[in-house]
Amino acid sequence: MEERKDEAPGSRLQAPESRLQAPGSGPQAPNQEARSPKPEDTGVDRREFLQKCGVAAALAWVVRVATAEAEQRADYKAAEHLYGMVVDPAKCIGCGRCMEACKAENDVPADPGMCRTWVERYILTTDGQTIVQSLDERGPNKPAVDETRILRTFFVPKLCNQCAKAPCVQVCPVGATFTTPDGVVLVDKDYCIGCRYCIQACPYGARYLDPRTRTADKCTFCYHRITKGLVPACVEVCPAGARIFGELKDRNSPLARYLRFSMLQVLKPHLNTEPKVYYANLDGEVR
Amino acid sequence: MSDRSSDPGGDKRRRVPQQVTRLLVLFALFGIALLAARHYLVPATFGQMGHYRAAAIPQNAAQPVKYAGREACADCHQDVIELHSSGRHQFVGCETCHGPAAAHAANPTEVKPRVPRERDFCPRCHGYDPSRPTGFAQIEPASHNPGQPCVTCHMPHAPAPPTLPASCGACHGEIARTKAASRHATVPCTRCHEASEQHKQAPRANPPTKPTTREFCGQCHARAAGASSGVRGPESGVKSPEAGGATPDTGHRTPDIAIPQIDMSRHGQRFLCWQCHYPHSPEVR
């Protein structure tokens, strides 16, 4: 449509000139002759130019989409994986390296109240009390009670349980949190409205509101690492081997082996959330 | 009812009342508005895989990696990996101590990972804590060789407890343990005590020598006449007369701390050194 409109004034301008040069010929033929030298000067016809533009834009879009896909996915097929983790509290030494690494890897605010993973110190006292303290990854941590009052004490690392029936996913009013085909519960930061329903709904306290973006945030099992074949940052740095990460579907993975040979529990099983983070030989006091 | 009873004509019955047509038009407009709003407000990939934006998955996966993983370290640092794989720290990742190293792996010459030598670094794992599992190696940082960096005695890539001369420590365990965690940790027992071979068979009949004079301690701790400094660094060459070196038989590095020195003529003239200072743990208390 635009082409034709543009052409019309052009032909009107060119016509008299051509008529002077070749009076015998019809109006259509000289028009074409007069027009032909012009494109030769610039090298491209307008129609051709627009067509090429269109093709180039389409190509650029295809290339951009293709490279973006390649960058993010490579040959990764989410449906072929199902991730899980085993935490062995008996091995945890409470050094806090996992918390430190998680904050560095995922750019989590330094505020000790905002953690994607954290370590709790359980103290069972001689008079029957149970005291739970969260560690601060930055400072020296001392038990809250005098050592003479301690009956038993141990550390329990905690993180998002990546529930198969995640309450946080159910309550999100906009669909900004979801379970991926490989079993990881993620947050869509661009779509989250920051209403905090999910923070309220999580029975494990695994979520927090990022004050910079005003969106909910949580452990992603380091989704950007596991899709590249790496293990989550907390698993990478744990010096005691208290966290075992791997495929739940693959019978040969170290995780599956650990699952076969250990006594396992999940946190708050009565809530029927079906977590994919298992705890080996967990003490009954741990909630 | 009225329609049926009056029955004025077929055309009248077939005609849709005006208010209904208006309502239908309104509904149609509303429906179109709803569809248009949905088209513009619902994100492009929403609902493709579930009740969420499918594009959020690659978005999450595109986050940059900061911890390279221990396999990445093995590409260049094969010698350290070999040493590391035989020691007690073999299951400890490189980045547990050296910090996130993906930037270093991408640009090895310009970006260097941290090399922690601070005194308070190792106790984060090995400092005593009652909640740590039984049997895990722990020390009390306040009394375990205070002031010394851990790497003076322990090799972090393949750590092992430092050994003491068993001939003394076998019987004098308490002294050996006290001394091992003191400023004199690297000074061998034989630097101050001469024990004959018979001492091992009949210890009480053949007691080892003990220093008897202030001048013995002064060999290391006396300030040279005219010297203004109150301390002497390890570079000034403190030689043990028997062994010809400050720390020959322990295999430890000479401590980096300067040796405190005093003016013998003015510092506690009437007293012997060990009346105030306990030589096996000589920190000033």
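How many bridges join strand β1 of chain A to β9(A), and do the two run parallel or antiparallel? Select residues 83-87 of chain A, which form β1. Five bridges link β1(A) to β9(A), and the pair is antiparallel. Bear in mind that this is a predicted model.

**The sheet in chain A**

β1(A) and β11(A) are parallel, with three bridges between them.

Next, select A:Q265. A:Q265 stands opposite A:Y279 of β11(A). Two bridges connect β10(A) with β11(A), in the antiparallel sense.

Show the four strands together. Their order is β9-β1-β11-β10 in chain A, an open sheet with mixed pairing.

**A largely enclosed helix**

Move to residues 97-106 of chain A, helix α5. Eight of its 10 residues are buried, so the rest of the structure largely encloses α5(A). Colour the buried ones: A:R97, A:C98, A:M99, A:A101, A:C102, A:K103, A:E105 and A:N106.

What covers them? The cover includes β2 (117-125), β4 (150-159) and α9 (233-237) of chain A. Show chain B too: its α7 (94-98) is also part of the cover.

Finish at A:D107, which follows α5(A) and has a positive phi, near 55°.

Note on methods
Residues numbered from 1 in each chain as written. Chains lettered and ligands numbered in written order. Predicted model: local features only at pLDDT ≥ 70, side-chain atom pairs only at ≥ 80, totals over all residues. Pairing = 2+ DSSP bridges. Buried ≥ 20, exposed ≤ 12 C-beta atoms within 10 Å, placed from the backbone. Contact = placed C-beta atoms within 7 Å.
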